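Subject: Structure handover

Hi,

Here is the structure you asked for. Please have a look at it first, then read my notes below.

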Amino acid sequence: MSFEEMQQIWRENEPGPGAAPAMGQPTKELLADVRRESRRFDRRIWWRDFFEISAGLLVAGLFGRLAWKAQAAGLVPWVGWVGAALPLMVAAFLLVDRIIRHYRSIPQGEPVIAELDRALAEVEHQAQLLRSMAWWYLLPILLSILLLSFQAHLQLPLVMPSGIHLLKSTLWLLFLGAFSVRLWHLNQRAVKEKLEPRLAALAACRRALTMAESG
Amino acid sequence: MIPASTPEAQFTDWLEEHGAIVRKLSLAYAPMAADTADLHQEMLVQLWRSLPRFQGQAKVSTWIYRVCLNTALTWRRGENRRLARIVAEPAPLPVAASEHTGPAEVHARRDLHDQLLQAVRMLPPAERTVCVLALDGLAYAEIAQVTGMTENHVGVALSRARQKLSQIMKGISDEL
C-alpha cells in the first residue's frame with residue numbers, strides 16, 4: 001500500500017466525538033470537565049507545597065521558641081537560632097523551586113524538540129535534587145535536630161545517671177542516622193526506577209528527531 | 001451564552017473546529033482504550049492551561065498539534081498499567097462513518113484503518129510524530145513548524161518513518 005493510500009484511509013476515518021469514552025460529551029460539558037480537572041491539578045500542587053513548606057515553618061518556629069526561651073533563661077541562644085534558621089532555609093528553597101517549576105509546567109506551545117529539551121531539563125533537575133538531597137535537605141534538617149537535642153540538653157537539668165543519658169543519646173543518634181539513610185535510599189531508588197528511565201525515553205525521542213536532522 | 005472574547009468561548013471554538021486532531025492524537029499515542037480517554041482529557045487540560053500563552057504567532061491548528069504532541073510524548077499517567085497491558089490487548093479502534101457507501105467496503109476500509117492505526121502505534125515516538133502529521137496531510141513546512149525540525153530534515157525523517165510503516169503494515173497484513 002502506498003503512503004498516499006494510507007493518508008486517504010487515515011483521513012476518511014476521522015475519529016468522531018464518540019471514538020472513546022468521555023470523548024462523546026457535548027463541548028460545554030467537556031469544557032466544564034477540563035476546567036474542573038485543571039483546578040483539581042492546581043489545588044493538588046498547592047496543598048502539597050503548603051504541607052511541605054508548613055512543616056519547615058513549624059519546625060523553624062519550634063526551634064525559634066526554644067532559642068528565645070534559652071535567651072530568656074540566660075543560656076547559649078545561638079544553638080537554637082541556627083537550628084531554627086536551617087529548616088527555614090530548606091522551606092524557602094522548596095518554595096522558590098516549586099514556584100519556578102509550577103511556572104515552567106504551563107505548556108508554552110513550543111515546537112516538539114524545544115519542549116523535549118524543556119522536559120529533559122525538568123526531569124534532570126528533579127533527579128539532581130533527589131541525588132543531592134543529602135546536602136540540601138537531610139544535612140540541614142539533621143543538623144537542626146542535633147542542635148535541638150543539644151539545646152534541650154543545655155536547658156534540661158541532668159536528672160539521670162550519665163550512663164543512661166549516654167545510652168539514650170546514642171540510641172537517638174542511631175535512630176536519626178538510620179531514618180536518614182532510609183529516606184536517602186528511598187529517594188535514590190525513585191531516581192533509578194522512575195526518573196532515569198524517563199530521562200532515557202525522552203533523550204531517545206529527542207535523539208531520534210535530531211538524528212533525522214543530521215541525515 | 002458565553003461572550004465570544006472569553007477564554008471559554010475561544011476554547012469551545014477550538015474544540016469544535018479542531019477536536020478531531022486531539023481525538024486522533026490520543027488514539028495514536030495511547031495503546032489502550034482506557035488510556036485513550038485519559039490522554040484525551042490530559043491533552044484538553046494542557047490546551048486549557050496553555051490558552052493564555054497563545055499569542056497567535058502560529059496557526060491554531062499548529063498550536064494544538066504542538067501542545068497535544070508534547071503532552072503525548074511526556075505523558076506518564078497510568079504508565080505502569082499501560083506497560084503491563086501493552087502487548088496483551090490492543091485498544092478497540094472506533095472510527096466515524098466513512099464516505100464509502102457499500103457496507104462491505106466500509107467494513108474493509110475500517111479494517112484497513114484499524115491496521116494502519118495499529119502500525120502507527122508500533123512506530124517509535126519520534127517517527128510516529130512525523131508520520132501522524134504527514135498522514136493528517138500536513139506539508140513539510142507545517143511539520144517543521146510543529147516539530148522544530150527543518151523542512152529538509154522532515155523529509156529525511158518522514159522517508160524513514162514511511163519505510164518502517166510500510167514494513168509494519170506488510171507484517172500485519174501477512175499475519176491476517
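Helices and strands here are DSSP runs, a helix having at least four residues and a strand at least two, and they are numbered from the N terminus. On that basis, chain A has six helices and zero strands. Its order from the N terminus is α-α-α-α-α-α.

Please keep in mind that this is a predicted model.

Chain A

The average pLDDT of chain A is 82, and 88% of its residues score at least 70. Helix 4 (residues 112-131) of chain A has the highest mean pLDDT, 90. Helix 2 (residues 27-72) of chain A has the lowest, 80.

Chain A has 215 residues, and 19% of them are buried. Now look at its contacts with a separation of 6 or more. Of these, 81% join residues 24 or more positions apart.

Chain A against chain B

How many residues does each chain give to the contact? Chain B gives 59 and chain A gives 47. On the chain B side, these helices each supply at least two residues: helix 1, helix 2 (33-50), helix 3, helix 5 (103-122), helix 6 (125-135), helix 7 (140-147) and helix 8 (151-175). Helix 2 of chain B has the largest share, 11 residues. By class, the side of chain B that touches chain A has 28 nonpolar, 18 polar and 13 charged residues.

Inside chain B

Chain B splits into domain 1 (1-90) and domain 2 (101-176). The two domains touch: 11 residues of domain 1 of chain B contact 12 residues of domain 2 of chain B. On the domain 1 side, helix 1 (7-29) and helix 3 (60-74) of chain B are the elements that give two or more residues. Helix 3 of chain B makes the largest contribution there, five residues. That side of domain 1 of chain B has nine nonpolar residues, one polar and one charged.

One residue to look at

Val22(B) sits in helix 1 of chain B. Is Val22(B) buried or exposed? Val22(B) is buried, because 24 other C-beta atoms lie within 10 Å, and 20 or more is the cut-off for that label.

Which residues does Val22(B) touch, leaving aside those up to four places away in sequence? They are His40(B), Met43(B), Leu44(B), Ile64(B) and Cys68(B). Take Ile64(B) as one of them. Val22(B) and Ile64(B) are 42 residues apart along the chain, yet their C-alpha atoms are separated by 7.7 Å.

Best wishes

Key
Residues numbered from 1 in each chain as written. Chains lettered and ligands numbered in written order. Predicted model: local features only at pLDDT ≥ 70, side-chain atom pairs only at ≥ 80, totals over all residues. pLDDT = per-residue confidence, 0-100. Domains from an automatic or database assignment. Contact = placed C-beta atoms within 7 Å. Nonpolar A, V, L, I, M, F, W, Y, C, P; charged D, E, K, R; others polar. Buried ≥ 20, exposed ≤ 12 C-beta atoms within 10 Å, placed from the backbone.
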